[in-house]
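Have the sequence and the 3D view ready as you read.

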Amino acid sequence: MPCTVGHFCIAVLCAGAPDIAPFLADESAAAMPDLGKVDYTLHYYQHYAKRVCDKAKELDSEDSGYGWNAHKVELSLWIVKTAEQIGFRLKEHQGKVKETRKRKQNTSGSTAKRQLVT
């Protein structure tokens, strides 16, 4: 997809307001198949951004120590789709992520950021 003024505007919004303006990448949008084919229109972006922001609020209510926002959810979606495209199975490593997080919480007394342990 060629870079457009729209891409630039979304990138600026994302950098300036990560809580409400997720970046619209093909991979992150494709990770939500119920949105349909990726379409770089204002209507599609608004629908995508609402879904991502809603998910960020849901995740933050479950795990407020991580500070979920729209940008973090968008990055997570991008990672899932990119890993899928290169054949990396994230679900096989899910238990290791949770185990590492618990260990860090017990040793530091605060919520640690998730790290993928291979």
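The text below covers a helix contact and then the salt bridges.

This is a predicted model, in which local features need pLDDT of at least 70 and side-chain atom pairs count only at pLDDT 80 or more, while totals for chains, interfaces and linings use all residues. Residues are numbered from 1 along each chain as its sequence is written, and side-chain values use heavy atoms, with hydrogens and water left out.

**Two packed helices**

Two packed helices are described by the angle between their axes and the distance between the axes. Here, helix α3 covers residues 42–62 and helix α4 covers residues 70–86; they pack at an angle of about 105°, and their axes are 8 Å apart. That angle makes α3 roughly perpendicular to α4 (the word is used for 65 to 115 degrees). The axes are lines fitted to C-alpha atoms over the stretch in contact, and angles run from 0 to 180 degrees between N-to-C directions. Helices themselves are DSSP runs (H or I) of at least four residues, numbered from the N terminus.

Which residues make the contact? From α3 come Tyr48, Val52, Cys53, Lys55, Ala56 and Leu59, and from α4 come Ala70, Val73, Glu74 and Leu77. Contact means heavy atoms within 4.5 Å. Sorted by type, these residues are eight nonpolar, no polar and two charged (Ala, Val, Leu, Ile, Met, Phe, Trp, Tyr, Cys and Pro count as nonpolar, Asp, Glu, Lys and Arg as charged, and the others, Gly among them, as polar).

**Salt bridges**

How many salt bridges does a search of the whole structure find? It finds four, where a salt bridge is a side-chain nitrogen of Lys or Arg within 4 Å of a carboxyl oxygen of Asp or Glu. The table includes three of these pairs.

| Asp34 | Arg51 | 2.7 Å |

By contrast, Asp54 and Lys50 both lie in helix α3, four residues apart, about one turn of the helix. Glu84 and Lys81 are three residues apart in helix α4, so about one helical turn separates them.

Buried means under 20%, exposed over 50%, and partly exposed in between (1.4 Å probe, protein chains only). Asp34 is exposed at 57%, whereas Arg51 is partly exposed at 29%.

How values were computed:
Helix = DSSP H or I, 4+ residues; strand = E, 2+ residues; numbered from the N terminus. Parallel < 35°, antiparallel > 145°, perpendicular 65-115°, else oblique.
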